[in-house]
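This report describes selected features of a structural model. Please consult the sequence and the structure below while reading.

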Amino acid sequence: MNTFLQLLVNGLGKGAVYALLALGFVIIFKATEVVNFAHGSLVLVGGYLVYELKDALGWVLAAVIGIVGAALAALLIERVLLRNARSADHNSLALLTIGIDVIITEEVVRRVGADIPFIGDPYDSQPIQIGDLTVFRTQAIALVVGAVLITAFLLTFRYSNWGVAMRAQAENREAAALMGINSSRVTATAWLVAGALAGVAVLFMATQDFSGAGLGRGTHAIALIAFPAAILGGLDSTEGAVVGGIVVGLTEALSAQYISFEFSKSAVFLVMLVVLVIRPSGLFGTKELSRV
């Protein structure tokens, strides 16, 4: 029973991180109808800034700069590259983000070098002992931070002017423009928010507790597991992204313990495929994947 509770807490912590990343996929898709495959590289940009600056500026300030840097990197991708190619169809733009992802990822990996660092200094490898229950501090903090950020985002998305504009643009871009909604501003804000969420997520991902992968290709690969979370919940549903992230986190944690660590990564995609067979649009989505 203790083992199951430990897995539950740790799985929810991982799920909160995947939910933050899945929200990034969904926000950008709702604003632009483009699947951003460069999301994993935004994770690395934020992590790299933390890695470079934490010794000189302290971890907290470096983390803030990393989050802001990831957000600005996302905005730069949208403003400089994708905006100039906006006449292209959505599939072509998605392929363009793959190229951007490769370039940024390889550059970060080159700069980090053979030394693959961890950046969760204040909480990494410091388990919390509650009686016989051992919980990774990283996952526990990720669960709290994720819950706060996700709640704040969902409230903002539902009640703020930006959220209303985003939902209107997602429903009908032409009608939204006729109502005076600035499509360019809504899209820019979507990329900024998605980048910032990636910058937060890497603070927990590039740790020994989360994966042991460190800041490198391993963390980049883990970040892409959030894509099945977004698909599972529905690529056009913010609530679905949260549910999908939690499902993926729990699936990974439980299957790693009760089946095998190697199978846990495949289990995530297996769950996604089962859901898509039953409901092609995902749990909460309205658009079938074949029509994206």
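## Basis and conventions

Helices (H or I, at least four residues) and strands (E, at least two) are DSSP runs, numbered from the N terminus. The model is predicted, so local features need pLDDT of at least 70 and side-chain atom pairs count only at pLDDT 80 or more, while totals for chains, interfaces and linings use all residues. Residues are numbered from 1 along each chain as its sequence is written, and side-chain values use heavy atoms, leaving out hydrogens and water.

## Nonpolar patch

Valine 68 has its place in helix α3. Helix α3 (residues 59–82) supplies the largest share of a nonpolar patch, 5 residues. Leu57, Val60, Leu61, Val64, Val68 and Leu72 make this surface patch of about 520 Å². Such patches join nonpolar side chains (Val, Leu, Ile, Met, Phe, Trp, Tyr) within 5 Å, and like charges within 9 Å, from residues with over 30% relative accessible area and no salt bridge; accessible areas come from the Shrake-Rupley method with a 1.4 Å probe, only the protein chains shown counting as cover for residues.

## Salt bridges

The whole structure holds 7 salt bridges, each a side-chain nitrogen of Lys or Arg within 4 Å of a carboxyl oxygen of Asp or Glu. Lysine 14 pairs in this way with glutamate 252, their closest N and O atoms being 3.0 Å apart. Because lysine 14 lies in helix α1 (residues 2–32) and glutamate 252 in helix α11, the pair ties together parts that are 238 residues apart in sequence.
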